[in-house]
Each structure stands twice: as structure tokens, then as C-alpha cells.
Amino acid sequence: MTVWLQQAGFEVHTAVDADDLMRRVEQRPDVIVLDSGLTGGPGFELANQLKRDPATAGIPIIHVAPGHTTGEWRAQGLDAGADAFLTRPVESQELIAMVRALLRVRAAEESVRAAADQWEATFDAITDAVCIINENAELVRCNEAADQLLAVLNAGQANWRFHDLLSLSGE
């Protein structure tokens, strides 16, 4: 698999065991190909550990297991944190296509996250008071100017209704 990925133009770093993988994960790889042979078992715990850690949770994991695995076993791997699943024997085209697909998904997620961060920064920088109200007339979020205008600290956390805000601003 290493040779196939390198031939496809990917930079590949291999780990000799689970401890080595955990050290290498600190370098923030784009994708982890987690082979059950590396872990000496299913590797569910390792995948779960990676997904629980906020620093590594966004790294896609392809779980590779023996071809004789059951659907239940593969489902366990996915539930443990794998983003995709391959069984041996792995075909080069499938592995490369899966890595590319996961990289596209990760890029899209990062783009959405960046857009959300930009929107949030813009929303907070608006000097006029702005509030977001849901369909139940409950306050979802206010910018800092709205908080100051209404003299309500952390108004977005208070489950206010729009008409409550109007009565506060008239005081």
C-alpha cells in the first residue's frame, strides 16, 4: 500500500506499531491508513482514541482489515472512528480513490469551517446591534453591540424571546 500511495504522489510515513503511530500523529497527517496488522488486533481502541482527541479528531482514518471480516466487525470499526473501511486484499485503485475522496471531504469541511469562522468574526465585528432570532422568537445569538445595547450579558445563552428583548430595550 505504501508503494501504491507513493506512486500516486502521496507522501507516506509508516509506523511500526501503535505507539509509533501515536508519535507520528503529532505531525498531523492528512489521512491515516490503519492496518489491523499494525495493532495486532482490530485497532478499534486506537481509532477511538484518535477520534476522541480534538487535535486528531479531524484526521480521516481508513481501516484495513482481513478479508474474512463480517459486516458487524466492519460496522464496529466505523463506529469506533474509522471514516472508511477496506478489506484485504486491497486493490491499489480503490485505496488511492478512497484516500482522494477522504481528502476532498476534509478539504470541504475545512472550507466550511473557515467560512463559518469568517462569518462569526464579521458578525461579531458589526458595530450595530444584531441578533439572530429563531422561528419560535427565541434569541439564538447576539453580537457584542447587541449585548451592550440590551445590557444583557451573554444574552445568547439566556433563551430569551424577541418580545422580551424589545421590552428590555425600552427600559
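I take helices as DSSP runs of H or I with at least four residues and strands as DSSP runs of E with at least two, numbered from the N terminus. With that, I placed Ala125 in helix α6, residues 92–125.

**Basis.** I am working on a predicted model, where local features need pLDDT of at least 70, side-chain atom pairs count only at pLDDT 80 or more, and totals for chains, interfaces and linings use all residues. Residues are numbered from 1 along each chain as its sequence is written, and side-chain values use heavy atoms, with hydrogens and water left out.

**Whole chain.** I looked up the elements and found eight helices and five strands in the protein chain. Read from the N terminus, their order is α-α-β-α-α-β-α-β-α-β-β-α-α. I noted an accessible surface of about 10,600 Å² for the protein chain, 51% of it belonging to carbon and sulfur atoms; the areas come from the Shrake-Rupley method with a 1.4 Å probe, and for residues only the protein chains shown count as cover. The chain has 171 residues, and 28% of them are buried. Here buried means under 20% relative accessible area, exposed means over 50%, and partly exposed is in between (1.4 Å probe, protein chains only). I then checked contacts, meaning heavy atoms within 4.5 Å. Of those between residues at least 6 apart in sequence, 42% join residues at least 24 apart.

I returned to Ala125 and found a relative accessible area of 56%, so Ala125 is exposed. Setting aside neighbours within four places in sequence, I found Arg106 in contact with Pro29, Asp30, Val31, Gly58, Ile59 and Pro60.

**Helices α2 and α4.** I looked up how α2 (residues 18–25) packs with α4 (residues 44–52): the angle is about 20° and the axes are 12 Å apart. Axes are lines fitted to C-alpha atoms, for helices over the stretch in contact, and angles run from 0 to 180 degrees between N-to-C directions. The two helices are therefore roughly parallel to each other, a term for angles under 35 degrees. From α2, the contact uses Ala18, Leu21, Met22 and Val25; from α4, Leu46, Gln49 and Leu50. I sorted these contact residues into six nonpolar, one polar and no charged. Nonpolar covers Ala, Val, Leu, Ile, Met, Phe, Trp, Tyr, Cys and Pro, charged covers Asp, Glu, Lys and Arg, and the others, Gly among them, are polar.

Note on methods: Angles under 35 degrees count as roughly parallel, over 145 as roughly antiparallel, 65 to 115 as roughly perpendicular and the rest as oblique.
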